[in-house]
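Please have the sequence and the 3D view open while reading.

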Amino acid sequence: MVTKKARRLRIKQGIRHKISGTSECPRLTVFRSNKQIYAQVIDDTTGKTLVAASSLTFTDKAPKKEIAAKVGDTIAKSALEVGVEAVVFDRNGYLYHGRIKELADAARKGGLKF
């Protein structure tokens with residue numbers, strides 16, 4: 001029997017095999033825990049994180065989807081300040097639904113292209 005975590009890791013490996021971030025078009029990756037959500041813009045050729053944002057910076061009480069949207073907006077603004085306009089979205093094995101979708105939509109509204 002395959003656990004939920006093992007299934008996600010297998011999907012993640014398939015996704016990472018297909019996509020990779022370059023300096024022109026880095027990778028926007030998302031990690032979701034039960035309480036928090038984290039996003040990073042990574043240049044895989046140099047192995048450096050260009051920009052990072054997380055829900056830890058927000059202290060207000062709000063639904064998780066709204067906080068994920070705020071993180072998406074924050075990561076988009078930070079990426080544009082650094083000079084990144086286009087990214088490759090890495091959902092990290094999670095379904096493109098709920099908090100992941102909210103973060104991606106907010107990042108698109110914030111000006112990132114993917």
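Helices here are DSSP runs of H or I with at least four residues, strands are E runs of at least two, and both are numbered from the N terminus. The model is predicted. Just past the end of α2, G83 has a positive phi of about 105°.

**Helix α2**
- α2 is 19 residues long and spans 27 Å between its first and last C-alpha, close to the 27 Å expected at 1.5 Å a residue.
- Its buried residues are I67, A68, V71, G72, I75, A76 and A79.
- These buried residues pack against the strands β1, β2 and β3 and against the helix α3.

**Packing of α2 on α3**
- The axes of α2 and α3 lie 7 Å apart, at an angle of about 35°.
- The two helices, α2 and α3, cross in a right-handed sense.
- On the α2 side the contact involves K64, K65, A68, A69, V71, G72, D73, I75 and A76, and on the α3 side R99, E102, L103, A106 and A107.
- Sorted by class, this contact between α2 and α3 holds eight nonpolar, five charged and one polar residue.

**Nonpolar core**
- The largest nonpolar core has 21 residues, and those touching the most other members are L28, I37, V41, I75, L103 and L112.
- At least two core residues come from each of β1 (27–32), β2 (37–43), β3 (48–54), α2 (64–82) and α3 (99–109).
- α2 gives the largest share, five residues.
- Beyond its neighbours within four places in sequence, L28 contacts A39, Q40, V41, I75, V87, V88, F89, D90, A107, L112 and F114.

Terms used: Residues numbered from 1 in each chain as written. Predicted model: local features only at pLDDT ≥ 70, side-chain atom pairs only at ≥ 80, totals over all residues. Heavy atoms only, no water. Core = buried A, V, L, I, M, F, W, Y, C linked by side-chain atoms within 4.5 Å. Buried < 20%, exposed > 50% of the residue type's maximum accessible area, 1.4 Å probe, protein only. Contact = heavy atoms within 4.5 Å. Axes fitted to C-alpha atoms, helices over the stretch in contact; angles between N-to-C directions. Left-handed = near helix turned anticlockwise from the far one by under 90°. Nonpolar A, V, L, I, M, F, W, Y, C, P; charged D, E, K, R; others polar. Expected span 1.5 Å × (residues − 1).
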